[in-house]
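Reader: I am new to this structure and would like to learn how to read it feature by feature. Could you take me through it slowly?

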Amino acid sequence: MVSFVMEKPHRMSESQNVVVSEAARSIIPNNSSAPPGFISISKKKLLKNLEIINDGERINAWVDSMRASSPTHPKSLPSSISSEQQLSSWIMQHPSALEMFEKITEASGGKQIVIFLDYDGTLSPIVDDPDRAFMSSKMRRTVKKLAKCFPTAIVTGRCLDKVYNFVKLAELYYAGSHGMDIKGPAKGFSRHKRVKQSLLYQPASAYLPMIDEVYRQLLEKTKSTPGVIVENNKFCASVHFRCVDEKKWSELVLEVRSVLKEYPRLKLNQGRKVFEIRPMIEWDKGKALEFLLESLGFGNSNNVFPVYIGDDRTDEDAFKMLRDRGEGCGVLVSKFPKDTDASYYLQDPSEVMNFLQRLVAWKQMQPGV
């Protein structure tokens, strides 16, 4: 996940002389009365020109990051993974979760396995229209069986109601809006003794009116950009640019930033071909994972083995949380190697389903099940 912080121009006195770069020199007229290497200009003109330079640099950084958010884009591959030898090294550090299945189950060592699953790109394929990201009936049956064996949660950037309509399984935990809207299993559906069925947690509820405002403004501001999809995920807003021509990306960045500059209490993060506008609170998928474990009674327990499976930058917060806890494992869903705190990888939702089916079969073979 990449976070971007808006910077304010540095204040300067009206008559201050400054050293400027060659880039600035090319756009600021020279002043013959200035000493060699110096240009004497007014604060207003200086700030205007510095703003042009800095915004240009920021826009380029955004566009580069947007390319990197597409695993298939030629510029998305990290420079550290640029050769066949380095690719092999990456796979050695992040082996296939299917190939290492026995090692993963052995590492659980009789502890309670708890499963956390992203939705888009993990349980369902990535599609151009986010409203059509349907999971297959076979995947739904697999997750239903999984929830009979282990406490299972869906942790997603989607709003809770929308992801529930996709999954339609009342026995799961749901953490929507990147964990800012958490709800436990429906009454009577939990099969796990530790579950608090009344669980409902919304740490950013005060931001709801603000998110609604920003959503409406983003709809209006981006309506002239072909292919853009703006989504209201209740506690956050998403701007999908998967279907936007790359030549329009710079323009889209300016449109989104022009809206957010009026909302200093919101932050802009980037995921997989999407901008995420969220409340500026210390909360993410990693915090949601930690909260859910505590709700299950495993907050300070050594008797738990969390498994988190996800494909997006936003899932890196959860992968890092598991690394910091020193327990469980993160599984990155990706056909392409990339920088990650996950321990293993799976290539796509079909491999995720295979892995989950093996977990169910393994659990059913355990004594006392």
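Reader: Which residue of β3 is the bridge partner of phenylalanine 116?

Author: The general idea is that strands of a sheet pair through backbone hydrogen bonds, either parallel or antiparallel. In this case phenylalanine 116 is bridged to alanine 153 of β3, and the two strands concerned, β2 (residues 112–117) and β3 (residues 152–155), run in the parallel sense with three bridges between them.

Reader: In what order do the strands of the open sheet lie?

Author: Eight strands make up this open sheet, and their order is β6-β5-β4-β3-β2-β11-β12-β13, with mixed pairing. At the edges are β6 (200–201) and β13 (344–346), and each of them has a single partner strand, so one side of each has no neighbour in the sheet. The protein as a whole has eleven helices and 13 strands.

Reader: Which helix lies across β2, β11, β12 and β13?

Author: That is helix α11 (residues 349–364), which runs at about 160° to β11 (304–310).

Reader: On β3, which residues belong to one side and which to the other?

Author: In a regular strand the side chains alternate between the two faces of the sheet. On β3, Thr152 and Ile154 lie on one side while Ala153 and Val155 lie on the other, and since all four are buried, both faces of the strand are covered.

Reader: How many residues are in the largest nonpolar core?

Author: In soluble globular proteins, nonpolar side chains tend to be buried together. Here the largest nonpolar core has 56 residues, and those touching the most other members are Phe116, Leu218, Leu266, Phe275, Ile277 and Leu292. Helix α8 (residues 249–260) gives this core its largest share, six residues. There is also a second, separate core of 39 residues, with Leu160, Leu172, Val331 and Tyr344 among them. Across the protein, buried residues account for 50% of the 369 residues.

Reader: What does phenylalanine 116 touch, leaving aside residues up to four places away in sequence?

Author: The residues that phenylalanine 116 touches include Ala153 and Val155, along with Leu289, Leu292, Leu293 and Pro306. Phe116 also belongs to an aromatic cluster with Tyr308 and Phe319.

Reader: How many aromatic pairs are there, and how should I read the geometry of one of them?

Author: The count is twelve aromatic pairs. To read a pair, look at the distance between the ring centres and the angle between the planes, where an angle over 60 degrees counts as edge-to-face. The rings of phenylalanine 101 and phenylalanine 355 have centres 5.7 Å apart and planes at 80°, so this pair is edge-to-face. Phenylalanine 101 is in helix α4 (residues 101–108) and phenylalanine 355 in helix α11, so that the pair links distant parts of the chain, 254 residues apart. Both phenylalanine 101 and phenylalanine 355 are buried.

Reader: What are the ring planes and centres like for phenylalanine 134 and phenylalanine 166?

Author: Their centres are 5.7 Å apart and their planes stand at 75°, so this pair too is edge-to-face. Because phenylalanine 134 is in the loop between β2 and α5 (137–149) and phenylalanine 166 in helix α6 (residues 160–167), the pair ties together parts 32 residues apart in sequence. Phenylalanine 134 is partly exposed, at a relative accessible area of 44%, whereas phenylalanine 166 is buried, at 8%.

Reader: What is the phi of lysine 168 near, and where is this residue placed?

Author: Lysine 168 has a phi near 60°, a positive value in a residue other than glycine, and its place is the loop between α6 and β4 (173–176). With a relative accessible area of 53%, lysine 168 is exposed. Lysine 234 likewise has a positive phi, near 70°, and is found in the loop between β7 (229–232) and β8 (237–240).

Reader: Over which residues does pLDDT stay under 50?

Author: Where pLDDT is low, the predicted coordinates should not be read in detail. In this model pLDDT stays under 50 over residues 1–54, while the protein averages 82 and 77% of the residues score at least 70.

Definitions and conventions. Residues are numbered from 1 along each chain as its sequence is written. Side-chain values use heavy atoms; hydrogens and water are left out. Two strands pair if DSSP finds at least two bridges between them. Contact means heavy atoms within 4.5 Å. Axes are lines fitted to C-alpha atoms, for helices over the stretch in contact, and angles run from 0 to 180 degrees between N-to-C directions. A nonpolar core is a set of buried Ala, Val, Leu, Ile, Met, Phe, Trp, Tyr and Cys residues joined through side-chain atoms within 4.5 Å. Buried means under 20% relative accessible area, exposed over 50%, partly exposed in between (1.4 Å probe, protein chains only). pLDDT is the predictor's confidence in each residue, from 0 to 100. Rings of Phe, Tyr and Trp (its six-membered ring) pair if their centres lie within 6.5 Å; planes under 30 degrees apart count as stacked, over 60 as edge-to-face and the rest as tilted.
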